[in-house]
Amino acid sequence: QVQLVESGGGLVQPGGSLRLSCAASAFTLDYYAIGWFRQAPGKEREGVSSISSSDGYTYYKDSVKGRFTISRDNAKNTVYLQMNSLKPEDTAVYYCAAGRFSLLPNLYNYWGQGTQVTVSS
């Protein structure tokens with residue numbers, strides 16, 4: 001069964017850092033672009049960052065550029081999202097997904113269950 005599992009979320013103070021991980025089972029991430037998305041209460045799910053399957057090209061939402069870094073380790077079948085200088089507005093449930101290289105949720109086929117990130121003092 002295809003499965004993506006996120007980890008690394010938690011509570012952090014403004015200005016702090018977290019690293020999210022997205023691990024795959026029952027399929028190989030190499031063939032897919034991997035995206036990170038987030039959804040805050042009462043808001044639509046939005047694309048945060050994406051990394052292409054082979055070239056390492058990346059997309060970032062404007063509000064996270066310079067603060068977040070996406071990377072992949074195909075040997076470990078895992079994709080990471082390093083989040084620095086976190087702000088309260090980054091608070092959301094974060095999801096990883098496998099699909100086509102984009103920040104559009106509808107271009108992704110496989111989704112994880114999400115991990116909560118809360119930025120608060």
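Visitor: Is Cys96 buried or exposed in this model?

Guide: In this predicted model, Cys96 is buried, because its relative accessible area is 0%, and a residue counts as buried when that value is under 20%. Cys22 is buried as well, with a relative accessible area of 0%.

Visitor: Which residue does the disulfide join to Cys22, and how should I read such a bond?

Guide: A disulfide is a covalent bond between the sulfur atoms of two cysteines. Here the disulfide joins Cys22 to Cys96, with an S to S distance of 2.1 Å, and the pair links distant parts of the chain, since Cys22 lies in strand β3 (residues 18-25) and Cys96 in strand β9 (residues 92-99), 74 residues apart. The torsion about the S-S bond of Cys22 and Cys96 is about 70 degrees, so this disulfide is right-handed. A search of the whole structure finds one disulfide.

Visitor: Turning to the strands, how many residues of strand β5 are buried?

Guide: In a regular strand the side chains alternate between the two faces of the sheet. In strand β5 (residues 46-51), five of the six residues are buried, so the strand is largely enclosed by the rest of the structure.

Visitor: What joins β5 to strand β6?

Guide: Three bridges join β5 to strand β6 (residues 58-60), and the two run antiparallel, with Ser50 standing opposite Tyr59 in β6. The hairpin of β5 and β6 has six residues between the strands, and Gly56 takes a positive phi near 80 degrees there.

Conventions: Residues are numbered from 1 along each chain as its sequence is written. Side-chain values use heavy atoms; hydrogens and water are left out. A disulfide is a pair of cysteine sulfur atoms within 2.5 Å. Helices (H or I, at least four residues) and strands (E, at least two) are DSSP runs, numbered from the N terminus. Buried means under 20% relative accessible area, exposed over 50%, partly exposed in between (1.4 Å probe, protein chains only). Two strands pair if DSSP finds at least two bridges between them.
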